[in-house]
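Colleague: I'm new to this one. Could you walk me through it, a bit at a time?

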Amino acid sequence: MELSKIKSPADFRGASIEELADLCRQLREAFLVKLSNHGGHVGPNLGLVEATVALHYVFNTPEDKIVFDVSHQTYIHKMLTGRVQAFLDPAKYDDVTGYTAPSESDYDLFTIGHTSTAVSLAGGMAKARDLLGQKYNVVALVGDGSLSGGEAFEGLDEGATLGSNFIVVVNDNQMSIAENHGGLYSGLARLRESDGTASDNYFKALGYDYLYVAEGNDLASLIDAFRKVKDADHPVVVHLNTCKGLGYKPAEEHKERFHWSMPFDLATGELKDQSQSESYDEIFAREMLAQMKADPAVCVLTAGTPGAIAFGPQQRAEAGKQFIDVGIAEQEAAAMASGIAKAGGRPCFGVVSSFLQRAYDQLSQDIAINNTPVVLNIFYGTLLGMNDVTHLGWFDIALVANIPGWVYLAPTNVEEYLSMQRWAMKQTAHPVAIRIPGGSVQHATAPVQSDWSLLNKYQIVRDGADVAIIGAGTFLPLAEQTADLLKASGINATVINPRYLSGLDEQMLHGLRAAHRLVVTIEDGVLEGGFGEKIARYYGTTDMKVACYGLAKVFKDRYDYRSLLEANRLTAPQIAEDITAALR
C-alpha cells in the first residue's frame, strides 16, 4: 500500500494489521521530512499516528464525525483524507493549514486552533443528530493537556447527559505543551498505573462508560477498542495511554522542545537556523526572574504556554514556587492573579494576545470591577506575529482598552518596556496591561521616564505643523518613516508616541488644533474599536480632519505581512501619499 495513492480512508479500510503498520511507517517518514523542512507541530502528530489510522479504519468517516481538539494534531488525518500531496510534494507544502479547515475537506468539521473546545462542539453535533433523528457516530478527540481548560469540563459535563452515541477519545501523553499542571492529572496517573481500574475515575464520576487502552500506540489494541465503542448508544470515554513524539528519538526525549518546531536537521533534531537574536520574551523572563529574587511576593503566571514567555525548564526551576502554570486555562490564570493581588502578592500574567480572548469576563469582572493591581504582559499582539486565522494578534487593543479601569500601555522599545513593567509591578492603583512590541527588538535613543502614574500623557517625539502622526507601540517607527518622506516633500510633520492605548491626552490633542489640520493615527491592530477611533471621536465635533490606519475587521489566514500592510495602506509611502493629498 503506497501512501501516495491514499485518497480517502476507504483505500485502507480492508487492509491487514501488517499493511496498516507499514502505512504508519510511511506516514511518519513523510511527516518528518516535511516538518524538518517546513516546521510545525511535531510531537502531537507523531504520538497519534496509530490512533488516527485506527479511527479512520474503524469509523465510517466522513459520515461518522470526528472533532479534533485544538486540531494541531491533524497532519496525519490530512494525509489520510485526500491531502497527502501537501506532505509529499514540497511545492504543495503550503496547500494545507496546520489545523482542521472545512474549506479543505469534508473530513474537517471546524476551523479550530484554541484548546478545550472539541467536546462541546462534538456534543452539539450529537445533539443536532438526535434532534433530527439521524444515525452516525460522533467522536471528540481531546488531549490530556486540553482537559485543564474549563470548557473541556463543561463539555464533558453536558455530554454525559446526552443519553445517546457520544464518544470521547482522550489522548493521554502526560504532556501539555510543557508538563501538565493540576489535580486532574494525578487522577489520570492513577488510572494509567491501575490499568484503568482505579476507583477515583474522573470520567465515570461524570457518568461516562469507560474503556482504557494501555497500549495507545498499538494498532491492534486501538482497532479493538474503537470497534467496541462504535455505534454505542450512550456516552463513553476511551482513554489512550500514548507517547508524544513517538518514532522520532529527539522528539521522544525532548517533548517540550518538539511540541512545535521551526525547520530542523532530521538526523540530529537541531534547528537549521541557529542564529540568535534578542527577543522580548527573553527580556521579560530575565526581568521577572530578577524581580522574583528581589521580592518574594512577585510571581509569574502562564496558562500552559511557558515557552511563549521564555520560561523554559531552567527558568521554571530558578523561579520555583513563584512561577505558576495553571494549565491551558486563561480564565483561571486571570482570576487567580486577581486573588493574588488582592491578598498582597504581585502577579504578572504573561499571555499570548489571541489566547487572552478566552478570559474576557475575568478581565472585566474579576479584575477591573474589583480594581486589583494585576499586571498583564501581552505577547504577539501584532500583525507581525502568528498568522494562522485562529491565532491572530489584532484584537487585544479593542478588547482590553475598552474595559473601564484598565491601563493599557504600548512601549516602543526595550527601555520603555522595562520602565513600564517595573512601574506596573510596584504600583497598586490600577490593573495594568503592557502590549509587548512586535517585530525586531528596538532600543531607546533618548532617556525614558520611570513613573507612569500620571495617566494618558502622550509624548511628542518630533515637533512640526499641519499634520500630526500618532504611531502607537510597534508602529511608532512607521510614523517616523512617514514623517521622513513628508519632510522630503516640504511637509514638517509632528510625530507622537501615545504610550497609553486606554485613554486620551486631551490637553495635547486640544493643543494640536492650533497648528495642525490633520491628525493621523497608526496602530498595529483592528481599526474598529481600536485606538484611532478614540482620537477620531474626540475630534468629532471640531473641524480637525482625522485619518485612522490599522487593520480591517476581517479574519486572515496564513497571510504575508507585507501584502497585508499594503492592502491596508499601512506602508510609509502609502500613508505619506494620503497625507499629501489630504493637505492639498
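Predicted model: local features only at pLDDT ≥ 70, side-chain atom pairs only at ≥ 80, totals over all residues.

Colleague: How many bridges join strand 4 to strand 5?
Modeller: Pairing takes at least two bridges. Strand 5 covers residues 235-241 and runs parallel to strand 4. In strand 5, valine 238 is the bridge partner of leucine 211. The number of bridges joining strand 4 to strand 5 is 5.

Colleague: Which are the edge strands of the sheet?
Modeller: The open sheet has 5 strands, paired in parallel, in the order 1-2-3-5-4. From one strand to the next, the twist averages 20 degrees. An edge strand here pairs on one side only, and that picks out strand 1 (65-68) and strand 4 (209-213).

Colleague: What angle does the direction of helix 8 make with that of strand 5?
Modeller: Helix 8, residues 184-193, packs on the sheet. It touches strand 3 (166-172), strand 4 and strand 5. Its direction and that of strand 5 make an angle of about 75 degrees.

Colleague: How many disulfides does a search of the whole structure find?
Modeller: A disulfide needs two cysteine sulfur atoms within 2.5 Å. For cysteine 24, which is buried at 2% relative accessibility, the nearest cysteine sulfur is that of cysteine 243, 14 Å away. Cysteine 348 is buried too, at 0%, and its sulfur is 8.8 Å from the closest one, in cysteine 299, so that is too far for a bond. The search of the whole structure gives a count of 0.

Terms used: Residues numbered from 1 in each chain as written. Heavy atoms only, no water. Helix = DSSP H or I, 4+ residues; strand = E, 2+ residues; numbered from the N terminus. Axes fitted to C-alpha atoms, helices over the stretch in contact; angles between N-to-C directions. Contact = heavy atoms within 4.5 Å. Buried < 20%, exposed > 50% of the residue type's maximum accessible area, 1.4 Å probe, protein only.
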